[in-house]
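The sequence and structure come first.

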Amino acid sequence: MSFSALAAHAPKAALEPYSYEPEPLGEHDVEIAISHCGICHSDVHLVDGEWGDYFPLVPGHEIVGTVVAGKAFPAGTRVGVGWQCNSCGDCSYCAAGEEVLCSENQATCQGNFGGFADRIRVDERFVFAIPDGLGSAEAAPLLCGGITVYSPLQRYFRKSSRVAVIGIGGLGHLALQFARAMGYQVTAVSRSPEKEAEARKHGAHEFLTGDPVPGSFDLVLNTAHAVLDMSTWMAALSPKGIFCQLGAAGEPLEVPVFSLIVGQRVVTGSAIGHPSVIRDMLAFAAEHGVQAQVEVMPMDQANEALDRTRRNQARYRVVLAR
Ligand code: NAP
Ligand code: ZN
């Protein structure tokens, strides 16, 4: 049996049809017939060679499809797979349900062949049933973009927290929805004034294109793959406020020391989410009607689709469908 996919063979090269023999179906693997795959900006970073040489590269890690083989789910179950596809299973982090922190964690499309394919085989611990209330295209971006913002929003929530979400793209528009549903006072921060009406529709109470008022936020989530002026954003935090970097900026953050010392502010980051948190996130999304605003395109237009994300044209997630 061979799986058919689209692959890039060099940095910034167009994706081309590609077929490969999958690893044999392991005892704990699930084989999935893929129906949808969202395009995350991490796919663009990978295709453009910004994270190293993983070529030939089959991108895609916001996968929804139906089970065709494996013991963990009945055939035909609608399931999803995100960025992480495996971990060692017995280190202290895995034992504690913190699989993202496992030193042997594996990525679905970095060193493995991802979701721009007709099928995939993944360890059952990293396969998630999709609740009935969620459409497949709208659910796919939850598997990476959604969990990446849900995790820190849930981890750092305090009663009446004020959050700034910087960058209203795939991650950002989901962050607005989750934050609003959790009870945050929500500000969208964007370089794109034309996104204001939709940002408010997705849950923003306020929309900011300029500099923030000092002390006005308890939590800042930076989803932009850019280094911000940290003097401004540290000043925007209340005492004990938290700045959480999510976007994969290529440069270091320069943090003024006294903004840390005086207000006990915290600078941290966060990656995706543990399997148990993904299950919670999907249930929360179904209950509160959180879903991606998607542009559905056929899988064979993956190059055009990647380009929409690369150029900040997607509103707000392109999802490839078979
Ligand atoms: P996206 O859909 O392209 O959205 C990124 C948004 O950031 C853009 O819509 C834009 O929003 C803003 N932006 C882009 N370039 C900027 C710049 N130079 N300066 C300021 N703002 C800028 O991307 P995404 O899929 O949400 O992913 C965002 C980043 O998160 C990527 O680097 C991705 O690799 C990373 N990521 C990290 C994790 C994790 O686990 N930590 C998981 C998934 C993705 P406005 O138009 O509103 O300004
Ligand atoms: Zn992603």
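## Salt bridges

Arginine 311 and aspartate 307 form a salt bridge in this predicted model, with 2.8 Å between the closest N and O atoms. A salt bridge here is a side-chain nitrogen of Lys or Arg within 4 Å of a carboxyl oxygen of Asp or Glu. Arginine 311 is exposed, at 54% relative accessible area, whereas aspartate 307 is partly exposed, at 22%. Buried stands for under 20% relative accessible area, exposed for over 50%, and partly exposed for what is in between (1.4 Å probe, protein chains only). Through shared partners, salt bridges join Asp48, Asp307, Arg310 and Arg311 into one network.

The structure holds 11 salt bridges. Two of them involve glutamate 31: one with arginine 119, at 2.8 Å from N to O, and one with arginine 121, where the closest N and O atoms are 2.7 Å apart. Glutamate 31 lies in strand S3 and arginine 121 in strand S8, so this pair ties together parts that are 90 residues apart in sequence. Glutamate 31 is buried, with a relative accessible area of 4%; arginine 121 is partly exposed at 25%, and arginine 119 is partly exposed at 25%. Side chains of opposite charge can pair when their charged atoms come close.

## Basis of the model

The model is predicted: local features need pLDDT of at least 70, side-chain atom pairs count only at pLDDT 80 or more, and totals for chains, interfaces and linings use all residues. Residues are numbered from 1 along each chain as its sequence is written, chains are lettered from A and ligands numbered from 1 in the order in which they are written, and side-chain values use heavy atoms, leaving out hydrogens and water.

## Domains

The chain is divided into domain 1 (3-144 + 272-321) and domain 2 (145-269), with bounds from an automatic or database domain assignment. Taken over C-alpha atoms, the domain centres are separated by 25 Å. The contact between them (heavy atoms within 4.5 Å) takes 26 residues from domain 1 and 26 residues from domain 2.

## Nonpolar cores

A nonpolar core is a set of buried Ala, Val, Leu, Ile, Met, Phe, Trp, Tyr and Cys residues joined through side-chain atoms within 4.5 Å. The largest one has 90 residues, and Phe116, Leu142, Leu153, Val163, Phe178, Tyr184 and Leu219 have the most contacts inside it. Helix H5 (residues 170-182) gives the largest share of this core, seven residues. Helices (H or I, at least four residues) and strands (E, at least two) are DSSP runs, numbered from the N terminus.

Beyond its neighbours within four places in sequence, leucine 142 is in contact with Leu134, Ile147, Leu174, Phe178, Met281, Leu282, Ala285 and Val290. A second, separate core has 13 residues, among them Phe217, Leu228, Trp233 and Leu237.

## Surface patch

Val257, Phe258, Leu260, Ile261, Val262 and Val267 make a nonpolar surface patch of about 570 Å². Patches consist of residues with over 30% relative accessible area and no salt bridge, with like charges joined within 9 Å and nonpolar side chains (Val, Leu, Ile, Met, Phe, Trp, Tyr) within 5 Å. Accessible areas come from the Shrake-Rupley method with a 1.4 Å probe. The largest share of the patch, four residues, comes from helix H8 (residues 257-261). Valine 267 belongs to strand S15 (residues 266-269) and is partly exposed, at 32% relative accessible area.

Serine 87 sits in the loop between strand S6 (84-86) and helix H2 (92-95). Serine 87 counts as buried, at 6% relative accessibility. With neighbours within four places in sequence left aside, its contacts are Cys94, Glu99, Cys102, Glu104, Asn105, Arg125 and Phe126.

Glutamine 154, in helix H4 (residues 145-155), counts as partly exposed at 36% relative accessibility. Not counting residues up to four places away in sequence, glutamine 154 touches Met182, Val277 and Asp280. From glutamine 154 to aspartate 48 the C-alpha to C-alpha separation is 32 Å, and the two are 106 residues apart in sequence.
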